[in-house]
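This briefing is intended for a reader new to the structure. Please consult the sequence and the three-dimensional view alongside the points that follow.

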Amino acid sequence: AVVSTQSTGDWSEWWLVMLESFHFLILCLVIMSHRAAWHGLSAVLFLSLLAVMYFAQTINAYAAQNYSKFAKEQYFDSNGLFITLVVLLPCAFNCILFIFSWLLQSWSLMVDIKVQQARYAAAHPKKD
């Protein structure tokens, strides 16, 4: 089914190119938000991706009814295979990257706190 979706679809349609560009932009923002520690941006993007994933069935139903307005072919089946492959999997991947980024940042912060505590304890020994 995956091979048939890839071989029969016209991947040069404007909305598919825009969708691919959107996913690439989100991936770049995930990487940039990790490196620059943009916590607000990453939280908003994470929640937005979760919202897209939550409403995927509704989006698929709407797109199936109105595909002729933006697509040459009917890509949106009742099982949601196409939307799962081109929308949900990249969104889930980016959400997982956000979670790994936050875990890495939390781990780094805990290490920094413990180092500071050890330095403080060494500089200020307890007097018995």
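H23 is buried, with a relative accessible area of 12%; buried denotes under 20% relative accessible area with a 1.4 Å probe and protein chains only. The model is a predicted one, in which local features need pLDDT of at least 70 and side-chain atom pairs count only at pLDDT 80 or more, while totals for chains, interfaces and linings use all residues. Residues are numbered from 1 along each chain as its sequence is written, and side-chain values use heavy atoms, with hydrogens and water left out.

- H23 is found in helix 2, helices being DSSP runs (H or I, at least four residues) numbered from the N terminus.
- Apart from neighbours within four places in sequence, H23 is in contact (heavy atoms within 4.5 Å) with V86, V87, P90, C91 and N94.

**Cysteines**
- The count of disulfides, defined as pairs of cysteine sulfur atoms within 2.5 Å, comes to zero.
- The sulfur of C91 has its closest cysteine sulfur in C95, at 6.7 Å, which is too far for a bond.
- C91 is buried, with a relative accessible area of 0%, and C95 is also buried, at 5%.

How values were computed:
Helices (H or I, at least four residues) and strands (E, at least two) are DSSP runs, numbered from the N terminus. Buried means under 20% relative accessible area, exposed over 50%, partly exposed in between (1.4 Å probe, protein chains only).
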